[in-house]
Amino acid sequence: QSIKITGKITSADNNQPLPGVTIKVKDSPTGTLSGADGSYTINAKNGDVLVFSFISYVTQQIYVGSSAVINVTLKPSTNDLSEVVVIGYGTRKRSDLTGSISSVTAADIAKSQPTTIDQALQGRAAGVIVQQVSGQPGGDVNVQIRGLGGFVGSPPLYVIDGVQIPPNGQSAIPGNGTNPLSSINPSDIASIDVLKDASATAIYGSQASNGVIIITTKKGTAGPPLISYDGYQGWQKLPKYYDVMDLRQYATFMNEKGVIIGYDMRPQFANPQYLGVGTNWQKALFRTAPMLNHNLSISGGDARTRYYISGTYFSQQGIALGSDFKRTSVKANIDNKTTNWLKVGINLNMAHVAENVTTSNTGVINQALNQTPDVAVVNPDGTWGGNDPNIYGATGTNPFAIATIVKDFKSRYQLFSNAYAEIQFTQDLTLRNEVAGNFDFATEDYFNPSYVMGAYSKTTNSGTATSAQNFYNSISNYLTYQHTFAKKYWVNVVAGHEAQLLKSNGVSATRTNFASNNVQTISTGDATTATNTGVKGQGALEAYFGRANFTYDDRYLLTATVRHDGSSKFSEANRWNTTYSGALAWKINHESFLKGVKAINDLKLRLGYGLVNNQNIAEYAYGSTLNTISTGLSGNSQITVTTGNPNIKWETTKSYNVGLDAAVLSGRISFSADAYYRKTNNLLLSLTMPYYSGTFPAGGYSPGAVQAPYVNIGAVSNKGFEFTLSTQNIKSKDFNWNSNITFTRNINKVLQLVDGTPAINGQVSKTVVGRSIGEFYGYQTLGIYKNAADFTKYPALSQNGSGAIPITPGTGGVWVGDVIFKDINGDGKIDANDQTFLGSPLPKFQYGINNSFNYKNFDLNVFMTGEYGNKIYNQLKVNGDNPNQNFGYFPSVLNFAKIGLIDPAGSTSDINNVYITNPSTNITRISQSSGNDNQRFSDKYIESGSFLKCKSIALGYNFSNNLLNKIKLRSLRVYVNVTNVFTITKYTGYDPEIGSWNPLQAGIDNGYYAQPRVYTVGLNVSLNN
Amino acid sequence: CKKDYLNRPPLTGITTDNFYKSGSDLRLATATLYAQPWAGWNNFPLLGIGDIMSGNMLQPYNADLVQFTSFSITPQNSYLAQSWTSFYDVVAHCNINIKAINTKMPDSVAVKSKTGALGEIKFIRATSYFYLAQLWGAVPIIEDNDKLIANPLVPRHKLTDVYKFIINDLRYAVANLPKTDQPGRVTTWSAQGMLAKVYLTRAGLGQNGSRNQSDLDSAAYYAGSVCNTSGLTLLPSYYNLFRTQFNDNPESLFAFQWAPGVGYGQGNAIQTQFAPSSSLVTGGGGWGGAIGPTIDLANQYTTQDSVRRKATFMLTGDKYPELNAAGGGYTATGVNVKKHVVGTAADNNSPTMDLWSSIEHNAVLRLADVYLIYAEALLGNNASTTNAIALQYFNAVRTRAGVDKVTMLTPDVIMNERRIELAFEGQYWFDLVRLSYYNPQKAISIIRVQITPTNSQNNSMPRTQFSYDPATGIKTPAANSLIFTPPSINTFTLPIPANDQTADPKLLEAPVPYY
C-alpha cells in the first residue's frame, strides 16, 4: 500500500532549504529530487527505507512509518565517514577503509579554480607533494606521493573513470612543460581519491608503486534535469619582477668597466645622468593576460537511465608573450539499468587542447633577464632592436621579438572512454566488464623565421611539422562476490583479469629556406632540404588480480590483495611478478567499552603492509636497438643507439603503514594520521657511467654515444608522517568557520647503490648512499680576496694539480676581488675533491591550511600552502651577478669589487699595494682573464626555498531561495577569487615553488615560468526545471 | 591472452637480434664507424689539440682553446672531455659490432664478409686507441663494453700494452682488408700506412735519444709496402685535396665520411667553427673570425710555398672564387683558416649541407703522410741521409706542392716538411708527442722557442697571431698578454677529464698490465 510522503530538507549548518537532494526508495527504481524550497514528494510503502543523498552531505536513511511527513536535516560531509571512496575495482565507505586514502571533493576543487586537475591536489591531500613545474598555461605539475621512490621521478598512476594513465603516460608530443592531464576539465570532477599505502595501491599492481590518483567524474542522479552553468573571467599578472639595471646604471657600469678593461667608452654613454631608463625586458615580455572559462552541464535521469553531459570552453593567455592555452571539451557519462540483471554505461571525454609553447621552447624568460637595457624592443625604423654589432661579445637575442615571431604551436585531440557492462548473477555475485581507451592525436607546428636583431641574426628560416598518435586500450573483467554471514561476518571478494595495450606512432618533417617567413606550411620550404623522421612504439601489460575484504561485527576489518603482473618491458625470464598486500583495521569506538562514550564518533586504527612492483623503464630495455643514420659512404648506415640489459628485472617497493582516524565531539574535530616506511629495492635506472663506457644515460643527449642500459641500481627509503586535521571552529545559525590542515613530512634516503657506482651525478647534484636523492654538490666559498693579507690566510691554490695559480692581475691568475674557494680536504689544491653537499632541493615538510567561513549567504575560503627546508640553485645569478659577462646584469653588479692602490704612485700589479675598497661586497672584480673560475657552481648561488604561499582567497555570495524562486532559478552564486595572492619567502627569484620531473636536476631556477597571480570573477547558476 | 601478447619488440628500430644477418647488414653497420661517433673529436678538438696546442694556430677568446695555447689545461676543459668521449664512443661501437659479428652472425654469411668487416672495425678501433695513447698515455683498454654494466670502474693499462693492442688490431686489419673497396672505405693499404705510423711512434717509446730499430724497420716495411706496391699516387693538386669535389680521392687512405643534413653534434662542424665569415657557411656559423695561424707557422712557408699556404690559411686580400661563388667569391678580410673551409651548400652542390654538416671528408691518413713516414723511418736514427728512396718519396711531396727538391734529409727537415704539408690537419701535436717519447728536451725546446718573446717592445713571440698588409706583404705580430705554463715532459700528456676522474678514482692510480 503506497502512501504519499512529503517533507522538507534543510541543511544542518545553516537551516537553509536544500534543493536538488536525491530521494530514493531503497532497492526500488522510485526516486525524485527536492525542489528549490527543499520540499519533496514521493510514494513509498510502510517499511520502505528512504535514502536522502546530496553531494557533500551525509546520506541519511529513514524508515517509512505511519507518518506521511518526513522532514530531514542533512549534515555537511566534511570528512564524512559515510562518504564513498573509490578504491580501484570497487568502492568502499570511508569508515570501512583499511588503507591510507586521501580525498578531494568537487567542492574543494571549485574553491581553488585549478586549470588542470593535478593543481587541485596541492596542499589538500596529506602525503601528496605537488609542485608546479612550469607556470605556463596548462603547464605541468610534479606530483609525488610519499616521497621520491627513485632517481627518475616518481609520478603516480592516474585512473580517470577507469582509464589508466600510466605514470609516464605522456601526450603523443611531449615536452616544453606540456601537461598530459590538461585535457581534463576540472569542473567535471566529482572526486579525487589518492591511494597512498601498499594495501590501497596493490590492486593496481605494476604501475602503482608511487601511489594512485583515482579521478571520478560527475554522474547524473535520478530526477528532473539539473542544468548548471559555471563561468568566470580572470586576469593574470606576474607577481614579482626581478630588479635589473636600468639604462643609467648600465651606462655608468659599462663606463667603469671600460676604464678597467681598457676599451673605448661608448659615446652615447658619456653622460649617464641624461639617459632614460632604457628597456626593461621583463616589462616588455610579461603582460596582464586574460583567462576565460564557460562550462555548461546537464544532468539527471530516471529510474533506469542517468546522464551527465557537459561542455567546456577554457581559454588562457600566458603572462609571458608566446604562451597560451585553449581547451574545448565535451563530457558524457551515461548509466543504464537495462534489466534487473544488467547495467551498462559509458564515460566519454573528448577534448581539444591548443597551446602555444614558444615561451618555454625558446627560453625567452631567461633571455629577458640577460638582454641589456640599451637595446630597444623595436627600433624607430620599425626593425627589431638588437645589440650593436660593433660591440664585442654582445650577441643577445631580442626576447620580445623571439616570443612574437617564433611559432611553436601544439594541438591535440584526446578521447577518453570507458564502457562497461555489469551482470548481476545473483544478489551477491556480479561480473563487470570494462573496455577503456585513451586516444591522443597531436600535432606540432614549429617555425623559426629568419631575422636580424642587431648583432644577432639568422639568415635561414626553418620549419618542422610533427604529427603523432598514442593509442591505449584496456580490457578488464572482474567478479565481485559480497555476502553477510550470520549478520556479523561481511565478506567482499573481487577477482579479475586485465590486459592493456599501448601503441604509438609519429612522423616529423623539416625543411629550411622558406620563400617567406609568412608562408610557413612545410611544403613551401626548399624541397631539397627536406628531412623527416618517424617513430613507432608498442607495449603491453597483462594481470590477474584478487582482493578479499572481511569484516567481523563492524569492529575488525581485514583486506588482502594479490596481483600477478606481466609486462612486455622485461625479457621472458623476468616478465611476470607478484604484488601483494594485507591490512587490518580496528574500529575501537565500536568496542563495548567505548560504546557509551558519546564524545567519540569514530576511532579506527589501521595497519598495513605490502609489496608493490614497478616497471617504470623504456620498452625493450632488455635488448639493444639500432637506428638508421646517414654517412658519406653510400648514404645509410646502422648505428647502435641503446644497449640492452637482458637481466633487467622489476623494481620492488615494500611499505609499512600505521594510521589512526578519529572524530570527536559530533564530528566537530576529526583527524587522520599516518606514519609510513617505504623501501624500494632493485631501483630501475639507466646508468650514468664514465665517459669511457661510450654511453650516456637515458634522457640525455650525446650523439655518437650509446644509451646506457637500464640496471637495477640500488635501494632508497622514504619514511614519513602525515596528518589531516579538520575542525568546525564555530558553528552557529549564521556563522560557521571550518578549518582543515594537512601536513606532510618525508625523509628520503638512498640505502644502496650497486657495486661500482659510487654516486649518481647530476648537473649540479650528487646522489650517494646515506643521503637523499639529488642533493646539490659543489664548492664552498669564503667571500672574496680583499688584500694581500687574505692571500696569507687563504693561499692561492693550484686549480688543477699543475702548480699554484699565480697571484697576478694578468691572464690565468688570481687577484684581489676573486672568490676564495674553500680547500675542504686541506690538500693544498682546489679540485673536484673540494666539492661538498650544499643542501637538498627536497622540502623537509609541506603543509596546507584551509579556512572556510560562512556568514549567512556569504562564503569565504582562504587557502595557504607552504614548504619548508628545501634549497634552490638560483642559476640566474651566475650571469646576473657576474660583472664580466657581456649581457644583462642585476644592480648588485654595480658594487663589483673595486681595486684601490695603497700607494697611488705604486705598482698596480704588486699584491702588497692593492686592496678592495668596498670589502663587504660579494661581487667579483672586473677581469676578463681571471684564472680562478669564479663562476663555478658554489654555495654563492644556493638559496633557501622555504615559503608560505597564500594560494587562494575566494569570496562568494549565494542568492537566497526566496529571490531565486521568483526568477525560476534553483541556485545562484557569484564569487571573486584571487590565486597566488602573496608568498612569504627569502628566495630572491620569481617564485620558490620550482617543480621538476627529474629528481637529479631538481631545484634549479634557470628562468622559471612563474605562476601568475590571478584575479577572477565568476558565477555558478543552476536552473529550475 | 596468448603468451606472445607480451612480446613487444620495438617497431621503429632494428634490434641486435634481427640485424647482423647478412653481408650487406655488415656493410651498413661498419659504415657508421666512419662518421658520427668521431664528431666530438672532429668539431673543435681536432684542430684545438692538433694545431692550436702545437702552436700552428691560435684562438684568443675561447677560454678552453686558450688553455691549449698556454698549456694551462684543466681537467674541466670541455674539449678534453669531448675528445676522450668521442674516442671511447668509437671504441664502444667497434666493440659492440665485433661482439655481434662473433656471436650473432649465422654461418650462412661468407667468412670473407665477416673478416673484412672485422678488419674495418679493428682498423678504426686501433686508430681511436692510437689517438688516446698519444694524448693521454696509459688509458683503459676496453674490449667488451657489456662487462662495464656489472663492473664499470676500470684501471688504466700500461702504455706499452695499449700500443701492443693497437698493433694487434692493425695487423689483423692488414691481413683481412681488401686491396680495393668502395671509395672511402679502408683497405689493407690504409691499415699498412697506419701500422707504419704506429710503429714509427712506438719506436721512440721508453727510448732515450735514439729509437728502437726493430720498430723503425717495421715502420719502413709497411710504409714501403704502401709506397711501392699499392699503386696509389698523390693527387696532382695539393689545393684540390681540400675541396669536396675531390673527397675520397686515391690519396686518401682514411677519411671521415661526413654526410650532409645530419643535425647538431652528428656531422662535420669544423667549417662552422673555423670559417671566418657567415657568408661562407649555409645556415649560420662561420664563427672563426678570431682564429688564425700563428706567425711562427706562417714564417715556415717560403715564398715558393704559396700553394700550400693558400690552401691552409688566408692572408688579407686573398681571393677564393669558388667560396660563396654565388656571392662573387670570397676575399679574405683578415688572416684566417682556409683548410676545411669549403663554402656554402650551393658551392658544394649539397642542398642539405648546413652549419653542422659540412660534406668535407677530411683525411685522417693520406698518402703524402705515409711518404713522409717512409722517409722518416728510412732516416731512422741517422743524423742525415741521402737514401734515394727516402728522397724520392720525400721530394714527391715537395714537387707536388711546387717547391724545390731537397738533396739530404735530416730529422729537422722532415719535421718541418710534415708541419707544413699537414698543417691544420691536426697532425703537428702528434709529431711533437712522437719526438717527446725519445727526445723530450728537443720537444720541449721547440715549444719553449715558440713562447719566448722575440721583440720585448711589443711582447710578441712566435706563438702569436699577426696582421698582414697585402700592399707591402709585411706581417705584424699581435701583442700577446697570455701567461704560459712552462713546458715540461708533462706537457705532452693531457689530464684525464674531470668527470671520469671523479667517476672512476682508479684512473688516478698507476697503470696495470693488460697482457
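Asp661(A) stands opposite Ser672(A) in strand 35 of chain A. This is a predicted model, where local features need pLDDT of at least 70, side-chain atom pairs count only at pLDDT 80 or more, and totals for chains, interfaces and linings use all residues. Residues are numbered from 1 along each chain as its sequence is written, while chains are lettered from A and ligands numbered from 1 in the order in which they are written.

Start with strand 35 of chain A, residues 669–681. Strands are DSSP runs of E with at least two residues, and helices are runs of H or I with at least four, numbered from the N terminus. Strand 34 (residues 651–664) pairs with strand 35 in the antiparallel sense over 13 bridges. To pair, two strands need at least two bridges found by DSSP. The two form a hairpin with 4 residues between them. In that turn, Leu665(A) has a positive phi of about 55 degrees. Strand 35 also runs antiparallel to strand 40 (residues 714–731) of chain A, joined by 12 bridges. There, Tyr677(A) has Lys719(A) as its bridge partner.

Now look at the side chains. In a regular strand they alternate between the two faces of the sheet. On one face of strand 35, Ser672(A) and Asp674(A) are among the buried residues. Buried means 20 or more other C-beta atoms, placed from the backbone, within 10 Å of the residue's own.

Next, cross to chain B. Strand 32 (residues 625–631) of chain A pairs with strand 1 of chain B, antiparallel, over 2 bridges. Thr625(A) stands opposite Thr15(B).

Definitions and conventions: Buried ≥ 20, exposed ≤ 12 C-beta atoms within 10 Å, placed from the backbone.
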